[in-house]
Structures are given as structure tokens and as C-alpha cells.
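Me: I have a structure to go through. Can you walk me through some of it in plain words?

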Amino acid sequence: FQWPQSTIPEFPVARTIYVTMTGSDLNDGRSLTKPKATINSALTALATSGSTGIVIVHPGNYVVEKDTEIPENCALYGYDLRVTNLSLPDGDEVNNMFLMTSGIKVRGFSFRGLKHDAYSLDPITGVSTPPTKGFAFVFKPGAVITRSPYIADCSQLHTFTQDQMLLPIDRANANEVFTAEAGYGGGNIFADGSVLSENSPLKSVVVDSFTAINPNGVGYLIARDAFVQLVSVFTNWSRVGIWTNQGGHVTMANSNSTFGDY
């Protein structure tokens, strides 16, 4: 027996919007029988509702527009990081994906293909010009943070081919051969306290189990009086695993930076 499409029963769930690969943005997303197709449409609907809520994204590969805002005190959950993959549109890889606002939580995704803008790193001091693009998460400019954004159970993965990752890797010269051919790997979080409202009482982010596999990239960049608490995070093959800059603060527990340069 097959239900006629017009008579499929709906079971709307309050303050919940579903996204699936077979959905449609013409749907309201309030039930699994009428899910939305894109995360952007779901977050817009949640913001328009004016209430706290959650977007639940089912397994699949999804394209997210650059600088996508997550509404305050709302959650964005992927089904599981191994099966729910997010990327920016082709040609937009050198951009940031999500804008963090107060009280949000995100978990259960793999972010793929992000790339930094050009930056430099002095081989003696270890400090020069950090990247500003190519991160999965940055603060929304002008935001007021009264409850720290919380990112958990995610991975950020490069999409370079073996041929693009050219040898020789040259740590002293910022691996220039590799960079020129393939670009820079992306980053997990850029927490820049200076972009927040001057009235923001907090400039902080809480992170649990967020891995970066990002050759020649920056895993976490914390700058200008921002504070990030890292628990069980791992960076692999990064140019810089954890970079505090101009008054940034970080605490780390049960974490590791492996194979990278700094």
C-alpha cells in the first residue's frame, strides 16, 4: 500500500525544522513529511518565527551560503558528522561559512573544502598576518554575546588531492610550493573580539570535540580579547594549530596539535 501524496499524515513538531536531501524549500519544514531542502531556508524560517528552536539536518551533502547567520539561542544539528557534510558554493571557498550569535549550539557536521585567504607567518617570531577567511565559524559583526556559542562533535576537512599537496614541504618558507598549487587549508573558528558590539559582556566560544584536518591552515584563531575554551580538539597538518593574537585567550584540555608546523 502507498499513501497518496495528498493524504500523507503530518506530525508537525513545535520549534523544529527538518532538512533533507529530498526536501523542498517551498515546504515549511515542520515535519519529516514536508522537510526543507537547504539549511539557509531553514535558518531563515527559524529567525522569522521569532522563537528559539532547532534545525535538524538529515544525512547528505549540503551547500551553505557564505556568512550564514545562526539565530540567537537556536541550535543547528546534523544527523552525524560522518554522514552530514557542508560546503560553500563553488568559487566561494575563500569565505567564512557561519556567523555565530549569542546562545547558539552547533553539532554533528563535517565542513569541507574551506580555504584561507593569503596570510604570512614569520618563521622566527611565529606571528605576522593571520587569515580572516576560510573559517567554519566567526562572530557576527555587532553581535552582543550573553551566552557563549557552543560548537561540538564536528570536523573540518580539506579536499586537496594528493597531486595538489606537492613536495617538498618547506616549513621555514611556509610550504610555499604546496600553497601556490593548492591554496591554504581552512580553519575551524576565528574568534575576533573586536567585531562584536562594544556592549557585548562576553567575547567567548565553547568548543568540544571539533577536529581540523587542514594542511597549511589555521585550526583556531583567537584575537583581540576573545576567549575560547577548547576541550578534546585536535588539529592535523596545520600551519598553526592554535593561534592567539593581539590579546586573544585560550584554555585547552585533552587536546592535541599533530604533524603541523606550529
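Reply: One definition to begin with: a charge sits over a ring if NZ of Lys or CZ of Arg is within 6 Å of the ring centre and within 35 degrees of the ring normal. Arg-171 lies over the face of Tyr-262, at 4.5 Å from the ring centre. The charged end of Arg-107 also sits over a ring, that of Tyr-77, 3.9 Å from its centre.

Me: What should I know about the model and the numbering?

Reply: The model is predicted, so local features need pLDDT of at least 70 and side-chain atom pairs count only at pLDDT 80 or more, while totals for chains, interfaces and linings use all residues. Residues are numbered from 1 along each chain as its sequence is written, and side-chain values use heavy atoms, with hydrogens and water left out.

Me: How many aromatic pairs are there in the whole structure?

Reply: Twelve. Rings of Phe, Tyr and Trp (its six-membered ring) pair if their centres lie within 6.5 Å; planes under 30 degrees apart count as stacked, over 60 as edge-to-face and the rest as tilted. One of the pairs is Phe-98 with Phe-137, stacked at 5.6 Å centre to centre with 20 degrees between the planes. Phe-98 is in strand β7 and Phe-137 in strand β11 (residues 135-139), 39 residues apart.

Me: How do Phe-210 and Tyr-220 pair, stacked or edge-to-face?

Reply: Edge-to-face, at 6.2 Å centre to centre and 90 degrees between the planes. Phe-210 belongs to strand β15 (residues 204-213) and Tyr-220 to strand β16 (residues 218-223).

Me: Is Phe-210 buried or exposed?

Reply: Buried, because its relative accessibility is 0%. Buried means under 20% relative accessible area, exposed over 50%, partly exposed in between (1.4 Å probe, protein chains only). Tyr-220 is buried as well, at 1%.

Me: Last one: where is Asn-95?

Reply: In the loop between β6 (84-87) and β7 (98-100). Asn-95 counts as buried because its relative accessibility is 13%. Its contacts (heavy atoms within 4.5 Å) include Lys-66, Leu-88 and Phe-135, not counting residues up to four places away in sequence.

Conventions: Helix = DSSP H or I, 4+ residues; strand = E, 2+ residues; numbered from the N terminus.
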